[in-house]
Amino acid sequence: MAARDRHGLDAPWGDFRIVGSPKRKIDGLAKATGSAVYADDVVLPGMLHAKTLRSPLAHARIVSIDASAALALPGVHAVITGRDLPVKYGVIPWTQDENALAVDKVRFIGDPVAAVAAIDEDTANEALKRIHVEYEPLHAYLDPRESLARHEPAIHEGRKEGNVSKNVLLEFGPVDELIAKSDVIVEDDYTFHGTTHAAIEPHCAVAHASADGLLTVWSATQITHYVHRALARVLELPPHKIRVIQPCLGGAFGGKSDPFSLEFCVALLALRTGRPVKMLYTREEVFYCHRGRHPMQLHYRSGATKDGKLQGVDAKILIDGGSYSSFGLVTTYYAGQLLTGPYAFQSYRFDSTRVFTNKPPCGPKRGHGSVQPRFAFEVQLDQLAEKLALDPIEIRRRNFVGEHTTTVNGQRITSNGFLACLDEVERASGWKTRRGKLGYGRGLGVAGSMYISGTNYPVYPNKMPQAGIQLKVDRSGLVLAFTGGNDIGQGSNSVVQAIVAEELGLPLERVRVVAADTDLCPVDLGAYSSRVTFMVGNATIDACRKLRAQIVAAVAAHWQVDPRRVRLVEGEALDLEDGAKHMPIVEAFHLAEERFDTLGATGSYNTPELGGKYRGGTIGASPAYSFTAHVVEVSVDVETGRIRCEKVWIAHDCGRALNPMLVAGQMEGSAYMGIAEALLEEHTLNRYGLHRGPSLLDYKLPTSVDTPELAALIVESLDPEGPYGAKEAGEGPLHPSLPALSNAVYDAVGVRLKHLPFTPGKVLAALAEQTERVAPHPLATSTASAPGARGAH
Amino acid sequence: MLRLPKFEVATPKSVGEAIALLAEAGPSAVVLAGGTDLLPNLKHELATPELVVSLGAIRELAGIRLADDGTLAIGAMTTLETVASSELVRARAPALAQAASLVAGPQLRTMGTLGGNVLLDTRCQWINQSYFWRSALGFCLKKDGTKCHVVEGGKKCVAAASNDTAPALMTLGASLALEGPSGKRSVALDDFWVADGIYNKKLAHAELLVEVRIPPLPQGHRGAYGKLRERASIDFPLLGIAARLDVGTDQRVAHADVVVTALAAQPRRVKLVAETLRGVPIDEHELAHAENATLETSAFGRAVRSIAELAEKQCHPLPNVPGDADWRQAMVPVFVRRTLLAAARRAGPVHAD
Amino acid sequence: MGVLHLKINGDDLEVAAPGHWTLLEVLRYRLGLTGSKQGCDKGDCGACTVLLDGKPVLACLTLAATVQGRHVTTIEGLLPAHVAAGGKGADPVQDAFDRCGALQCGFCQSGMMLSARALLNRNPQPSDAEIKDALSGNLCRCTGYTQILQAVELAICEAAGRTPTPRSWERASCADSGAASASDSGERSA
């Protein structure tokens, strides 16, 4: 397939004219002026409003549902329950365990049970109160350790693994032997608490069923193609009768990468009523949808030689999956598979187990599956460095896995700019002169990471391209690019626009992009796993080069010159050897259309064969990995226990920054989110199994005055397979934030924080424990009494 | 979108008209000031009124004036932003200006009023939730249920007074001018509260808060407000501490006061503050130049420390509002001490850092 | 259902809406002014920020019936007002947000830009701390606020004829390509 061709790192026409410099986004002014249309901005004539009835119990059997009083309410047009949508779905084909509405049992507080369509939201809400559901409560699992130990009652019945969702045990090399022979060993426990995406736009879907049986669904999704497939499956309709459109999307971060209940409900309600139907989740419902970052209990044991070389890493991880599988199979693999860079492991074992609990289901959040292990391991690496009296940056350099190499678990690494990332943060933060010298209460910490640029594992196995694109050339001189890629705010449509403009020598304004509409656009798998720039970018280059060959050929024939003399730049076709020969690009398009018929081209991308030759060896295998290093500066108020993150230096190897402003935005947004997860955010349930505070008041997103200064430092390693050398930038730069912050606190006050989040109560408890253990730090002026912080571990 | 329950809206133009509307409608009517407390509560169905009486169009209720006798009178509908930025308030009642400047975030201060903040409903992690959420655990004492989720077996609601301005006003000796169907009355803010989280104030139905009055303060008055919260904006207090320190011409403390809020249903005055601090010398030079640690060795510093200890013994935050109650307890002495020092230094507010 | 007399972006409008409708609901679902967003339902996020008599308020906690006779400015009102005042295209704040990359998903930014506009109207030369404070009631989940603060700084600097501080990433990656194609570039220098 042409898509596997390497396009090369070079600019198509000498120097890059667009790629590599900051440009406005294709939809920037539409967003700036309020005219961009998001899902809840879609209003159709005669539209009904739908609402969801949710389970008030964490685990129960549904005995009966009586909706007659709701249906009798004037203005109510339809009520549906699980019986109306009995087909199960799930984003991973082997673990389809979700129903759009609960069938027979509910599995967490907030599980959808019924849906109502009515003339307005008030009437729909009133109808919900008139649906009578009788439940038979079951034992609720709120502790993942209990799910591991106890299998009755089963959260999902009929599974031989009981309440275990997935277990993966993989071993590479003689781990126990090499650790035993190591000069230093560190073994410790770490906790990741659980966080959620909290995109500011709540989930929303609108459905319209036309008289001729075409169902159109507009949804705030980041995976149009999978929603298309899931709708066809659950509604038992042929896929060609369904069209899914992603309008402008108000943030996702992985939180919109599953098919969700509301998409099926509005579709069925529209089919049932013959009216368009909209459902907009409340913020509270978004918290119940969740799919956020899994809580994990992590145990790591690592051994190194006395010069700091890692000999073996042994991990045991318990993952709290919540009530459904979602992407959990992948999460369980990612928790181990993505740790094997940027450092060389001589041997490695991980044993990760995901269990079901009666909580909102977890799923993929920015840095899926790997933020938690990365946190644990990078803190452990600092513990090793301390034992060896090595500088934390130095131990990371010494273990550098290298470029164009293969990791211990068989993953192919191509370009690798990690050493340059370390150099950048070391320089920019003044590490050599400042670390350990900022006085008691202030400190610097470092951490590194790697992440995938998509994987070669489509969630349903097939050999078709992962990304497709189609170009249409208009006689006006406009080029339209049709892409299935989901622009979720990261700017993927702008990337497509920039590549088309670069390849065809057009100004940006001559390229428009139509995206994420299953009727109009070729399939792309969606915005997840940091795959869009890499894969859609390569597909775009592929299509452009086919089109460009036609245009160049037509111009060359017209001028009767060798095609190699023809260049397309800045809206003109030029003869390299004869300055008198040039024409506006629109004339070149006309010549090509005369010669080749209506102009257009398709392009695609698929990954090469990748991954280890073992079961699960392809999960986490990426055509290119990005690399990141952070230095975090903190100050700690030892009286209040409050950690203030002062600054984060973020160095990220993105291969090539196609638009450095967008790359920097991804890096800054990632670091912000990581620091927030470390210090403020906590997705937790109370003793009733009810979300503690499902609101943006109680779930603490940092404001502008809570966010540290963020310094993005772009490193370009020019990947041989990325579009012009580009790799991902949207997820990798989150990872090091959390461990670098913990490591900075150690530098500041000498306590090792291993259990997230780092609440002030935990910090005070750790400081008190330190005071008991050793004589107080000579500079410590703490006079605070030690509270018995309940959250402390 | 989370919807408001259905109601009608009235926009009276005078206090009298508003009172008449409320009296006529009876308990099915509620008063709307800035809306920043009432409307979220209505969206959570903590009340389902038939009539909402908006005070926004009553001009006489907004404004700050200095009366001839030196009383600072602030209309109930004066926005928190106006209170926070008023030179008059900043100069005469610094603790109030600071407290107002730390309520919620910028938009909510533009909307929210001083009267609304004083009359803020009590808050609790088990009550400020949607109808669905509250129904899932069988509701609670404050509304629709019989059980307290904060204190096991508790029979009295302990939802927390969460109004930042109230403790500041209490240290200032403020009184409230109220007007109702049976006429006008004035009540000292100290005497306004009831230890009941369900309804923690002595305000009758159809009675309006018209004005907040702060009596003349001595020349040497100093004050500060300290607020513990998770974020440096938006959040309600996990602890709110108002401190007052009046310094006499002899450079000794003439009067002092500390009031703490976000503990339980009403703000709590720390006992023995005035007694402990009265007569203690204030060294301006030391205040201006010494580090906290050094300052704490002075007579004033030692007195402040003993007040912090008093506060720690007297104030016990309950796990009513979200957040770590043990941490809040540990922060009582720290914030009392920091806020008193800030008052002495004519600094403050004591806040996120 | 009462008829409300509203002044929206300079227009006097009559709108029929029930008493319990918020200004946000009237703007979005009666007037089609969907640029004001709803993110949290109840005053926690700032996405619905509009200007009421020039000051930022939350439309989701404002009853439409209570703003009669007062001037409401939504994000849709900024560009026409700028053009009416003799400017070209978008308001300088909107333009700066676009040029600085502050609009990732864009969902929170209507409110953010209106908070910024209100700040600059009352204080054309705010300090960094004043900018952060003024925006501290608007949650953004994408940017980490950095490019937002850079956008506000750019708008301030351009009005004052100053050059904004270089961004951390400009030194290494963009020095050699900065000159290209100024017309549609996100470069900040005017």
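**Entry 1: a pair within chain A.** I looked up R61(A) and E157(A) and found their side chains joined in a salt bridge at 3.4 Å, N to O; the term requires a side-chain nitrogen of Lys or Arg within 4 Å of a carboxyl oxygen of Asp or Glu. R61(A) lies in strand 2 (residues 60–66) of chain A and E157(A) in the loop between helix 4 (144–149) and strand 7 (164–172), so the pair ties together parts that are 96 residues apart in sequence. I took helices (H or I, at least four residues) and strands (E, at least two) as DSSP runs, numbered from the N terminus. R61(A) is partly exposed at a relative accessible area of 29%, and E157(A) is partly exposed at 48%. Buried means under 20% relative accessible area, exposed over 50%, and partly exposed in between (1.4 Å probe, protein chains only).

**Entry 2: basis.** I note that this is a predicted model, in which local features need pLDDT of at least 70 and side-chain atom pairs count only at pLDDT 80 or more, while totals for chains, interfaces and linings use all residues. Residues are numbered from 1 along each chain as its sequence is written, chains are lettered from A and ligands numbered from 1 in the order in which they are written, and side-chain values use heavy atoms, with hydrogens and water left out.

**Entry 3: further salt bridges.** E426(A) pairs with K432(A), the closest N and O atoms being 3.9 Å apart; E426(A) is buried at 12%, whereas K432(A) is exposed at 63%. Both belong to a salt-bridge network that also holds E394(A), R397(A), R398(A) and D423(A). E211(B) sits in strand 8 (residues 208–214) and R65(B) in strand 4 (residues 64–66), 146 residues apart.

**Entry 4: chains A and C.** I found 66 residues of chain A in contact (heavy atoms within 4.5 Å) with 58 residues of chain C. The two chains bury about 4900 Å² between them, 54% of it on carbon and sulfur atoms; buried area is the accessible area (1.4 Å probe) that two parts lose on being put together, summed over both. R24(A), I200(A) and S704(A) supply 14% of the area that chain A buries against chain C, more than any other three residues. The interface holds 6 salt bridges, and D41(A) and K37(C) meet in a salt bridge at 2.4 Å, N to O.
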